[in-house]
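Hi everyone, thanks for coming. Please have a look at the sequence and the structure on the screen, and I'll walk you through them.

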Amino acid sequence: MLAVLWDASPLWGHLALNTVIQTGLPYEIVTAKECQENILKEKAFNVLIVPGGAGKQKANLLGQKGMEAVRNFVAEGGAYLGFCGGAGLALEDGLALCPWGRDFYEGRIEHRISGHIYCDIFADNLIPQDMKKASLPVWWPGRFQEPGKEEIARTPSKGEVRVLARYREMGEDFYSHDLPVCSLPQNTLEDWENVYGVRLKPKLLDGQPAIIAGSYGKGQYILSYSHLETADSKDANQILAHMLKSLLTGTDAGKLTATGTAFEVRGGGLCKNILNTDEFSPRWIQTDFQTTWPLLRELDGQLQKVFQLGENLHLLFRRNDWLYGWDTNVHGSQLNALRIALARSLVLPSTEKREEYIIKQGLTFAENMLLFIHGTENWFLARKLCNSLAENERISPELMESQRKELFGMLMYGGGRCGELIAWLDTFLLLGKQEK
């Protein structure tokens with residue numbers, strides 16, 4: 001059975017859940033509080049999947065008791081699979097499952113990159129046989145602090161970490177901030193670096209590790225700054241499916257499918273996008289959609305108008321079916337997280353707990369959502385106006401920043417009105433656990 005740690009994963013938790021559902025494997029969402037209460041041991045999970053998000057925030061929510069429970073789970077034979085922020089959580093200054101640390105960036109421009117990167121892939125039981133190259137997706141990744149020979153000599157355990165993939169070249173959909181880097185002429189990139197000192201090609205492409213793995217006690221960990229759970233990313237999905245099959249071989253979950261077919265991601269190794277319900281309906285979603293909540297459906301329609309306005313003002317743009325890109329000054333991560341969380345709520349089955357929740361709190365949620373939508377539309381328009389006016393005519397930057405924080409919270413950690421709405425939808429989702 002797979003466990004998905006839900007806390008502090010506003011967008012990436014839904015991305016991971018979407019993929020986990022499509023594996024056909026039994027799974028359960030778990031919370032940091034439940035980890036503190038030893039749910040990982042009590043329910044005998046085989047794999048703990050920790051989605052992206054802020055690793056520090058996850059650590060704070062787990063607390064010392066939850067962190068120790070996760071370490072014990074792996075030490076006693078469990079597997080830890082962390083993506084991006086979930087990978088960072090497992091490093092030496094967090095869970096310390098892996099003896100490596102997290103490397104730092106010289107500037108934020110090195111971090112704010114996204115899209116596919118061509119990677120070298122190395123032979124391992126966790127990697128599909130004969131795969132040497134792969135196009136793997138990153139979404140604002142961190143970096144591993146790979147030790148040198150002298151450091152390994154001092155600390156031999158650091159040399160036991162296996163590198164499964166290394167970054168090499170930018171793919172066709174690669175962005176730095178909101179700039180489509182690969183559509184720019186090569187000489188432009190060189191001119192910007194030589195003339196302005198701006199380097200858009202990140203240093204992580206110089207052979208830095210993308211995926212690593214190792215042992216901890218009787219268990220093992222896989223840490224990936226590539227989001228292998230990204231929808232419609234064939235190479236990444238194939239690697240992830242193979243990893244899960246390898247991790248579960250010989251376990252009770254593995255014995256459920258003697259042929260191994262349930263380990264393959266549906267669609268010939270291609271994970272479908274959460275919003276593409278015509279092609280993919282998870283097992284636990286009622287396909288007749290008779291239980292869709294009219295209130296939430298109406299709010300979803302209103303939220304789509306915000307995204308349309310953002311597109312019209314050139315503050316948002318479609319990266320793919322499940323993700324919008326955004327202007328540097330726009331808090332697009334939080335907006336995307338709210339969009340996906342609301343989309344998920346539309347296809348959750350009706351339960352007694354959820355009905356009670358809607359009756360008691362639905363109207364308050366709707367009022368807060370409409371206030372947020374109104375505030376975001378006004379802020380978008382003001383943001384566009386700022387871009388159009390002369391510098392001495394612009395709206396106070398302090399006022400714009402204050403309104404942005406009220407709506408979206410902090411850049412890395414989220415919050416604000418948007419965070420409150422996401423938290424409400426998280427509770428709505430997790431109510432399904434209480435009726436199992």
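**A walk through the model**

Let's start at W140, which sits in the loop between β7 (133-139) and β8 (143-145). Helices and strands here are DSSP runs, numbered from the N terminus, with at least four residues of H or I for a helix and at least two of E for a strand. The phi of W140 is near 55°, a positive value in a residue other than glycine. Most residues other than glycine have a negative phi. With a relative accessible area of 19%, W140 is buried. Buried means under 20% relative accessible area, exposed means over 50%, and partly exposed is in between, using a 1.4 Å probe and protein chains only.

A8 also has a positive phi near 55° and is not a glycine. A8 belongs to the loop between β1 (2-5) and α1, and its relative accessible area of 16% makes it buried.

Before going on, a word on what we are looking at. This is a predicted model, in which local features need pLDDT of at least 70 and side-chain atom pairs count only at pLDDT 80 or more, while totals for chains, interfaces and linings use all residues. Residues are numbered from 1 along each chain as its sequence is written, and side-chain values use heavy atoms, with hydrogens and water left out.

How confident is the predictor? pLDDT is its confidence in each residue, from 0 to 100. The protein chain averages a pLDDT of 86, and 88% of the residues score at least 70. Over residues 253-270, though, the pLDDT is below 50, and this stretch has 41 contacts in the model beyond near neighbours in sequence. Residues 275-291 are also below 50, with 36 contacts beyond near neighbours in sequence. A contact means heavy atoms within 4.5 Å.

Now the whole chain. There are 13 helices and 15 strands. Of the 436 residues, 55% count as buried. Among contacts between residues at least 6 apart in sequence, 76% join residues at least 24 apart.

Which residues have the most contacts inside the largest nonpolar core? They are L48, Y80, L136, L223 and F380, in a core of 131 residues. Helix α11 (residues 352-388) gives the most to this core, with 11 residues. By nonpolar core I mean a set of buried Ala, Val, Leu, Ile, Met, Phe, Trp, Tyr and Cys residues joined through side-chain atoms within 4.5 Å.

What about cysteines? The structure holds zero disulfides, a disulfide being a pair of cysteine sulfur atoms within 2.5 Å. C98 is buried at a relative accessible area of 0%, and C418 counts as buried at 0% too.

H227 lies in the loop between β13 (219-224) and α8. At 1% relative accessibility, H227 counts as buried. Leaving out residues up to four places away in sequence, H227 touches W12, G52, F83, C84, P137, W139 and A236.

A32 is in helix α2 (residues 32-36) and counts as buried at 3% relative accessibility. A32 and D7 are 25 residues apart in sequence, and their C-alpha atoms are 6.4 Å apart in space. Not counting residues up to four places away, A32 touches L5, D7, L61 and L62.

Is Y216 buried or partly exposed? At 22% relative accessibility, Y216 counts as partly exposed. Y216 lies in strand β12 (residues 209-216). Setting aside neighbours within four places in sequence, Y216 is in contact with R71, V74, A75, A96, L97 and Y221.

Last stop: empty space inside. Rolling a probe the size of a water molecule over the atoms shows where such space is left. A cavity here is a set of points, on a 1 Å grid over the protein atoms alone, where a 1.4 Å probe fits but cannot get out, and lining residues have an atom within 4 Å of a point. The count comes to two cavities of 30 Å³ or more.

Notes
pLDDT = per-residue confidence, 0-100. 1 Å grid on protein atoms, 1.4 Å probe; cavity = no way out; pocket = protein on both sides within 12 Å on 5 of 7 lines; lining within 4 Å. Points joined across faces, edges and corners; volume = space filled by probe spheres on them.
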